[in-house]
Amino acid sequence: MLIDPPVSGAAPPASLYLHFPFCVHRCHYCDFSVHRTSRAPVEEWLECIGIEVAQWFERVGWSRPVRLETVFVGGGTPSLIGGGMSHLASLLDGWFDRTTELEWTAESNPASLDVAVAGSWRRAGVNRLSVGIQSFDDRVLRWLGRLHDAAGARQALDAARAAGFEDVNADLIFGLPESVPRDWRAEVGRVLEAGVTHVSAYGLTAEPRTPLGRRVQTGEIRMVSEDRYAAEYLEAVEALVQAGFVHYEVSNFALPGRECRHNWHYWDGSPYLGLGPSAHGFVGGTRLWNVFRWEAYRRALADGQSALEGHEMLGAGESRLERLWLALRTNRGVAAGDPLLDRLVLSAADLLESWGDAGWVHRDEAGLRLTAEGWLRMDTLVAVLGGRMGQHESGEDPREGDGIRESDRA
Ligand code: SF4
């Protein structure tokens with residue numbers, strides 16, 4: 001590949017994302033970059049990451065060591081790295097300065113996480129563990145096609161604690177077809193009993209390229225109704241907030257002080273480096289992404305080429321819309337004094353007032369943010385606000401074509 005992004009001389013990012021693409025089995029709803037294998041080629045993946053890091057330092061001209069504040073190893077199934085995490089730590093130490101405040105998160109699947117793996121990660125420097133439990137109901141886990149059962153989910157969370165992890169996230173999926181029996185509220189309760197410090201709750205989506213997406217298209221599976229989806233989301237919000245969790249982003253909840261700093265760097269527009277197949281980065285004001293598939297990624301690097309597939313710089317209007325979208329997805333919202341808030345008020349005061357009456361937005365001396373009800377409709381609300389700002393600048397009547405519906409949801 002002959003991608004030559006305009007990043008020469010860019011400041012080094014303090015955040016690093018690494019994509020580990022291997023899974024033993026592909027879940028029928030998953031459209032991530034996943035390479036199915038019973039034996040993950042950990043050494044080969046580490047070699048590729050090493051080549052990519054060297055390419056980046058040469059491409060931009062960074063000098064070693066670059067100071068890191070956050071590292072996130074996502075997947076795929078990073079727990080298949082097992083004891084290889086210490087090799088990753090050594091590799092990173094050749095290029096980066098892992099400060100004492102470093103937040104190092106790694107994702108794991110209960111089927112491949114035990115005390116031995118969790119302990120070896122802790123010793124390697126991982127200090128935040130994310131466990132993909134998804135559900136505490138065997139019927140749901142079978143329907144999702146996960147390799148673990150409810151007992152395995154609990155054992156994985158216990159292993160995380162036994163290994164000394166103080167920051168533990170549990171991923172949950174809601175919004176399943178109504179034909180799948182479950183007691184969602186009870187499952188949220190069981191996550192709370194397990195003593196996690198962070199919960200990520202994601203609504204199931206039927207992506208077109210997945211087996212689930214195809215079965216939905218043929219009518220074989222009917223996705224959840226908007227009302228049920230919203231009810232489950234709001235039930236989780238209520239239970240978690242009552243238990244003392246801060247709902248700090250559309251899908252994320254944390255006990256005070258336990259928020260994921262790495263994700264905050266995405267949302268506040270900080271630069272980050274993404275390595276591994278399909279990984280995205282943001283360096284020198286340029287968005288960059290790698291080839292999607294493991295084989296193409298591995299081959300490119302083995303041939304001495306770059307794994308980058310593309311890059312883009314956003315124009316002023318696109319950047320403003322993206323900043324609005326990123327700000328409104330968190331509980332910080334758009335702060336008072338931010339010129340973006342002045343633009344919103346100038347172009348959409350009537351909408352902000354009626355959405356405030358509907359309970360979708362909250363405005364006070366700190367600024368403007370969406371409520372949980374607003375987050376259910378976030379994509380539509382942001383699109384309408386973006387349209388209003390564009391119309392305002394071009395002198396059109398800003399109230400035409402808002403297209404908002406009572407039932408729109410994120
Ligand atoms: S374990 Fe995660 S990454 Fe792997 S196939 Fe399932 S959903 Fe996708």
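Mentor: Welcome! Residues are numbered from 1 along each chain as its sequence is written, and side-chain values use heavy atoms, with hydrogens and water left out. In this predicted model, local features need pLDDT of at least 70 and side-chain atom pairs count only at pLDDT 80 or more, while totals for chains, interfaces and linings use all residues.

Trainee: Why is Gly 203 called partly exposed?

Mentor: Buried means under 20% relative accessible area, exposed over 50%, and partly exposed in between (1.4 Å probe, protein chains only). Gly 203 has 21% relative accessibility, so it counts as partly exposed. Gly 203 lies in strand S8 (residues 198–203); a strand is a DSSP run of E with at least two residues, numbered from the N terminus.

Trainee: Which residues is Gly 203 in contact with, leaving aside neighbours within four places in sequence?

Mentor: Phe 174 and Tyr 229, where contact means heavy atoms within 4.5 Å.

Trainee: What makes strand S13 largely enclosed?

Mentor: Four of the five residues of S13 (residues 286–290) are buried, so the rest of the structure largely encloses this strand.

Trainee: How do you know that S12 and S13 pair?

Mentor: Two strands pair if DSSP finds at least two bridges between them. Strand S12 (residues 280–283) and S13 are joined by four bridges and run antiparallel, so they pair by that rule. His 280 has Trp 289 in S13 as its bridge partner.

Trainee: Which strand do four bridges join to S13 besides that?

Mentor: Strand S14 (residues 308–312), also running antiparallel to S13. There, His 311 stands opposite Leu 288.
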